[in-house]
Amino acid sequence: MVRTRSKSEEKRDQILEAAVTLFIEQGFDATSMDQIAQLASVSKQTVYSHFGNKEELFSASIRCKCISHQLAEADFREFNDPRSALATIALRFHELLHSPEAIHVHRTCVAQSETHPQLSSLFFKEGPNSMFEQVARLLESFSARGLLRVEEPRFAAVQFLMMVHGESRLRLELNVPPLPEEENQRYIDNCIDAFMRAYGV
């Protein structure tokens, strides 16, 4: 049975969608809570009832993007086999990395890292660091069941995700023509093979 979403949940989603749109179009500094409320068709008071400040809303928008790409921790509970888990995570992570929203937010954080270091910290906490920790917990669970041999789960998680990050994302960040999709897939398959050779049993 599908649960009916409450009006409060629907308004929260509207606010997040508006925030993501404005953060991408205008940047963090130029976006106000008034503008977010207007685009979301809610009152400013409603925005503040869900999110205490703009920084909290920025963090929530990053979490929202991870959830939309099925990269929240709850999505990892479906995995029982390490290789298929790595393949699915790599595909979802690759899609997230190549989304226009992720690229724009990353560029914004890098550009403002000196003047607004708290913005970069929020991005790292809710984006990359959250992914590292979630994948580390998954690898640890596989290791505990004897399906992998991982002594340092976080190191292994960082190694895998940064391998997947690879040349393709770097090309996007530098506005260099992208690799063919079939080459991206061969690269990801190679990453999984290398990881399993290092940590498989």
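1. The crossing of H6 and H7 is left-handed, meaning that the near helix is turned anticlockwise from the far one by less than a right angle. Helices here are DSSP runs (H or I, at least four residues), numbered from the N terminus. H6 spans residues 100-111 and H7 residues 117-144; they pack at about 140°, axes 8 Å apart. Axes are lines fitted to C-alpha atoms over the stretch in contact, and angles run from 0 to 180 degrees between N-to-C directions.

2. The model is predicted: local features need pLDDT of at least 70, side-chain atom pairs 80 or more, while totals for chains, interfaces and linings use all residues. Residues are numbered from 1 along each chain, and side-chain values use heavy atoms, without hydrogens or water.

3. Contacts between H6 and H7 (heavy atoms within 4.5 Å) involve Val105, His106, Thr108 and Cys109 of H6. Their partners in H7 are Leu119, Ser120 and Phe123.

4. Serine 168 sits in H8, residues 153-173. It counts as buried because its relative accessibility is 8% (buried is under 20%, exposed over 50%, partly exposed in between; 1.4 Å probe, protein chains only). Leaving out residues up to four places away in sequence, serine 168 touches His94, His98, Leu179 and Asn184. Glutamate 183 is 15 residues from serine 168 in sequence and 9.5 Å away, C-alpha to C-alpha.

5. H5 covers residues 82-97. Its buried residues include Leu86, Ile89, Phe93 and His94.

Technical notes: Helix = DSSP H or I, 4+ residues; strand = E, 2+ residues; numbered from the N terminus. Expected span 1.5 Å × (residues − 1).
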